[in-house]
Amino acid sequence: MQETDSSINRRTLAAIKDVPRQVFVAAKNAQLIAGHSIPPESATIKLLSAINFQPGDHVLQIGTGSGYLAAIMASLVGRVTSIEKVPMLASLALRNMRSLRLYNVDVITGDGSDGYKAAAPYNIILVSTPSISSLSKLFGQLKPGGKLFSIEGGNFHHQILVEYTLHENRTVTRKECGLIDFSRNTGEILLEMGMLDEPNLAKARKASKENHTPLIEEILKLVQVDDLELYRSLATQHNLRLGNIEQLMQEADAALFEQFPRAFLDHNKIIPLSLDNNKLLIASSDPEVPLEDLKKLFNKQDIETVLVTPKDFYRLWSALDLLHHDNQKSAAPPDKAETDRNNEDLLGKIDTKIHAHLISLFEAILLDAISENASDIHLERYGNKVRVRQRIDGELHDVKYFNISPDELNGLVNVIKLRAELDIAEKRLPQGGRARLRAGKDTFDLRVQTQPSLHGEHVVIRILPQTSRLLTIRQ
């Protein structure tokens, strides 16, 4: 006897309620989870309610993920066979299933497009991944009158659920069951991954609304998480590419960056990188970056978003800002002060004027060193050449993308001396001082040492993090 639609929905809702989502989503497994492995609750209800599950059914699922959908179906039917192509995910799903004492689920590692003949035929086949291009082999493993449900078309977040019915004469009919919304906001993702709790999410949402800031920015103020791990997971869940800062710096077009108002870019956390044919590439530290206003400016172009961590966002911003300044400097005729630099009198009059560009340059150098986990910064001058080096894991590495002139170095040394409360008029004697730097939620002590040399003053900055964490055995 077939069940009514209302009883099907009640059974489905009860099964969803009984399966704890948190078992299938955890920060330690975040790097493994992709696509629709754990769909939002609304999508889960719509997807499973569209299928007429019967208690004795044998179900084949293609695309196990971490096992969330398979676990719900296990409480609705007699047996579930689920196929996952990624061995680590298959093992994870099986562990999750056994932790809930679900023993009527078999998890198989293999290619889902081939199905699993050993356990055929099936009453229902659910293709819960859009990566299966051909369903022909799967139709052959259905019982007559069986149904195959497949997620098709649309885009990553919005896809169509299609129902195929295999009739007694082995013909197949197709029916669309409607659009399913798989999208989730950042707060929901972090909540389920165990990186955030409900009270902090509520605080972050309130602060985001009051301050007109991205939600992720307020969340990062409240929780202690590794930015790279967090953004790698967010990129996967939002189907975005996680940007590599060195590669993005090579792709970036400073002239394009200068075409946009800085206030607009900063408010929306957007950095335009390049415009190639009909595609605008942008970087953002907000996985839910609003693109409506940008699309109005580039209504004929596709917009591709690359996700970057907050530190990398500001490193990229500083690099483009400095690159634009360098381009302006190279386009301008050389001034007399620069051409006479070889004849500079070290005991002569000191230029104590501090330009805003030099402050930005100093902050960019510090931010870059912190992002690379450098312990020291060395600023050195040899004739007309300025050398910037970072000490990383005990070894000194040249930083070649800071194009600093000798004249700029003199001004930069003054900026550093002012920050460290040193005497900017004294150039002939070594000096030592200290300053403090805050980068997001991290605080650093800066130990500054200046040293006279043949061509000018050299500076060494020791970077000491104050927010150190206990190291694990592996670290």
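This talk covers a helix pair, a sheet and one alanine in a predicted model.

Residues are numbered from 1 along each chain as its sequence is written. Local features need pLDDT of at least 70, side-chain atom pairs count only at pLDDT 80 or more, totals for chains, interfaces and linings use all residues, and side-chain values use heavy atoms, with hydrogens and water left out.

I start with the helices. Helices here are DSSP runs of H or I with at least four residues, strands are runs of E with at least two, and both are numbered from the N terminus. Helix H7 spans residues 198–211 and helix H8 spans residues 215–222; their axes come within 8 Å and cross at roughly 130°. Axes are lines fitted to C-alpha atoms, for helices over the stretch in contact, and angles run from 0 to 180 degrees between N-to-C directions. H7 and H8 are therefore oblique to each other (under 35 degrees is roughly parallel, over 145 roughly antiparallel, 65 to 115 roughly perpendicular, the rest oblique).

Next, the sheet. Four strands form an open sheet in the order S8-S11-S10-S9, with mixed pairing; two strands pair if DSSP finds at least two bridges between them. S8 (241–242) and S9 (270–276) stand at the edges with a single partner strand each, so one side of each has no neighbour in the sheet. S10 (residues 279–284) and S11 (residues 302–307) pair in the parallel sense over six bridges. Serine 284 stands opposite leucine 307 in S11.

Last, alanine 14, in helix H1 (residues 5–18).
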